[in-house]
Amino acid sequence: MFIYNEAEIWFVAGSQHLYGHQTLEQIKKNIQLVTDYFNQHANLPVKIVLKPLATKPDDIYTLCQEVNYSPKCVGLITWLHTFSPAKMWIRGLTHLQKPLLQLHTQFNEQVPWDSMDMDFMNLNQTAHGGREFGFIGSRMRLIHSIVTGYWKDKTVHEKIAQWMRVCVAINAEKNMKVVRFGDNMREVAVTEGNKVSAQIKFGYSVNTHAVGDLVSVINAVSDTDVAQLIDEYEALYQISPVAQINGAKRQNLIDAARIELGIERFLEQGGYTAFTTTFEDLHGMAQLPGLAVQRLMAKGYGFAAEGDWKTSALLRTLKVMAKGLSGGTAFMEDYTYDFTKGNELVIGSHMLEVCPSIVDDDVKPLLDIQPLEIGNKADPARLIFAAKPGFAINASLIDMGNRFRLVTNALETVKQPQPLPKLPVACAVWKTKPSLEVSAEAWILAGAAHHSVYTQALSMDYFRLYAQLHNIELLVIDDETDINHFRNELRWNEIAYCHPYA
Ligand code: MN
């Protein structure tokens with residue numbers, strides 16, 4: 001399901017023929033050493049593949065075409081090892097359709113003050129070569145990321161790794177298929193949006209299937225497969241008495257397992273990696289899928305409730321980005337506030353559909369079956385747990401009518417202060433940054449949704465990169481946020497993003 005193993009980032013050094021054969025040969029040796037170091041010691045999530053030295057416009061053009069055509073290549077790193085006159089790059093970069101990172105490094109870490117001569121200069125001139133390349137990036141209005149520093153520096157590796165993860169996620173997004181079982185919740189505004197514009201901007205397609213199509217797959221699941229899945233539940237979770245083997249609601253657990261297997265098969269058969277459901281359209285289903293969507297999210301599928309396809313697609317994208325990092329990523333909703341002065345809290349949850357990836361590793365979620373009036377079906381199965389404390393971010397993608405806007409809020413998840421014995425749902429309790437007062441006002445002014453993607457795994461740097469690479473509006477609410485400045489930012493963005501999206 002994830003493509004880190006198969007993905008490649010291509011790496012090319014730029015130079016020219018001015019310096020003579022010997023210098024170019026030395027540059028080839030240097031970049032081979034850097035490539036090997038990156039692949040062996042830098043702990044990067046994607047393999048770097050070295051490409052021939054770029055010294056002529058035709059070669060650069062061919063390389064950029066190959067980047068576009070290669071299904072494995074998810075981005076291109078350039079290193080202007082020497083001065084590489086940038087008009088040579090115009091034709092290639094005009095055609096480049098994948099993310100570009102300029103690694104602004106040089107082969108030598110330190111200046112050899114006693115021995116530095118012009119030969120040394122020829123091999124360590126990123127300082128001005130990189131600026132020539134920067135001009136053409138800026139002049140062409142390219143979306144262009146830059147990492148500066150010595151190539152053995154861990155910070156440099158971390159920044160490259162972040163960029164690589166965003167490249168992989170964006171590549172996965174281009175191939176993503178989102179399926180909706182039912183439409184958006186009736187009369188809800190923020191979950192609406194232009195699916196054609198989303199496909200043009202992000203690449204993913206969003207299509208609906210009748211719930212009956214899904215129900216026929218669910219009904220075809222065999223009893224043996226259901227029994228096997230229930231064994232898995234019993235190994236992984238605490239099972240509440242009503243769901244146990246002679247419990248009063250054992251049948252509901254059996255139905256939930258059948259729903260899970262049916263949805264998973266439907267997704268696999270259709271090549272879908274994200275989906276939505278809605279409690280307003282459960283025709284032929286025994287219960288609202290709760291446990292099923294929780295477990296499918298934990299496997300990496302995107303999901304959001306009530307037909308919210310934007311949040312579902314964003315969840316899948318962020319799950320790809322975060323794969324292998326510590327901390328989980330879940331569908332979330334701002335549920336209710338605790339306005340205790342000086343200790344303001346938000347309780348986040350969603351009826352049944354919070355991903356168990358955000359739970360503490362040593363906690364076994366409780367698998368319970370409890371009534372749910374919404375949806376008007378049998379009592380659904382769900383996992384109940386609390387999110388682990390620590391840093392997290394909520395992110396919401398909305399459609400402003402002429403553009404997509406991504407809004408993020410930095411959070412500090414806290415230990416749930418008290419049990420919630422009458423609220424049988426998974427939840428997270430957090431403090432918003434910079435304060436509940438400012439964060440809620442900014443979030444509301446920005447028009448961000450009640451639904452969000454909650455992630456413990458990704459820092460704000462990932463969101464900044466993701467928004468840059470898509471050239472979409474990003475609004476960050478964190479410790480730096482000043483509400484008056486934020487209002488101005490909203491006004492200025494109306495001009496900055498005045499061109500319609502598609
Ligand atoms: Mn909702």
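## Terms and basis

A residue is called buried when its relative accessible area is under 20%, exposed when it is over 50%, and partly exposed in between, with a 1.4 Å probe and protein chains only. The model is predicted, so local features need pLDDT of at least 70 and side-chain atom pairs count only at pLDDT 80 or more, while totals for chains, interfaces and linings use all residues. Residues are numbered from 1 along each chain as its sequence is written, and side-chain values use heavy atoms, with hydrogens and water left out.

## Manganese site

The manganese ion has four protein donors: Glu-306 (OE), Glu-333 (OE), His-350 (NE2) and His-451 (NE2), at 2.1 to 2.4 Å. Donors are N, O and S atoms within 2.8 Å of the metal (3.2 Å for Na, K and Ca); water is not among the atoms, so sites may look incomplete. Along the sequence the donor residues follow the spacing E-x26-E-x16-H-x100-H.

Glu-333 belongs to strand E11 (residues 329-338), and His-350 to the loop between strand E12 (345-349) and strand E13 (366-369), 17 residues apart. Both Glu-333 and His-350 are buried. Helices (H or I, at least four residues) and strands (E, at least two) are DSSP runs, numbered from the N terminus.

## Salt bridges

A salt bridge is a side-chain nitrogen of Lys or Arg within 4 Å of a carboxyl oxygen of Asp or Glu, and the count by this rule is 17. One of them joins Arg-180 and Asp-183, at 3.0 Å from N to O. Arg-180 is buried at 3% relative accessibility, whereas Asp-183 is partly exposed at 46%.

Another salt bridge joins Glu-232 and Arg-295, also with an N to O distance of 3.0 Å. Glu-232 is in helix H9 (residues 223-236) and Arg-295 in helix H11, so this pair ties together parts 63 residues apart in sequence. Glu-232 is partly exposed, at 36%, and Arg-295 is buried, at 5%. Arg-403 and Glu-494 meet at 2.9 Å, N to O. Arg-403 is in the loop between strand E15 (390-399) and strand E16 (404-414), and Glu-494 in helix H15 (residues 483-496), so parts 91 residues apart in sequence are tied together. Through shared partners, salt bridges join Arg-403, Arg-405, Glu-473 and Glu-494 into one network.

## Helix H11

Helix H11 (residues 291-298) has 7 of its 8 residues buried. Among them are Leu-291, Val-293, Arg-295 and Met-297. Gly-300 follows H11 and has a positive phi, near 115°.

## Surface patch

Val-111, Trp-113 and Met-116 form a nonpolar surface patch with about 350 Å² of accessible area together. Areas come from the Shrake-Rupley method with a 1.4 Å probe, and for residues only the protein chains shown count as cover. Patch residues have over 30% relative accessible area and no salt bridge; like charges are joined within 9 Å and nonpolar side chains (Val, Leu, Ile, Met, Phe, Trp, Tyr) within 5 Å. Trp-113 lies in the loop between strand E4 (100-104) and helix H4 (118-123), and is exposed at 74% relative accessible area.

## Largest pocket

A pocket is an open set of points on a 1 Å grid over the protein atoms alone, where a 1.4 Å probe fits, with protein on both sides within 12 Å along at least five of seven lines; lining residues have an atom within 4 Å of a point. The largest pocket holds about 410 Å³ of space. Of its 17 lining residues, the closest to the centre are Leu-96, Gln-97, Lys-98, Ile-143 and Leu-469. Grid points are joined across faces, edges and corners, and the volume is the space filled by probe spheres set on the points. H7 gives the most to this lining, with 3 residues.
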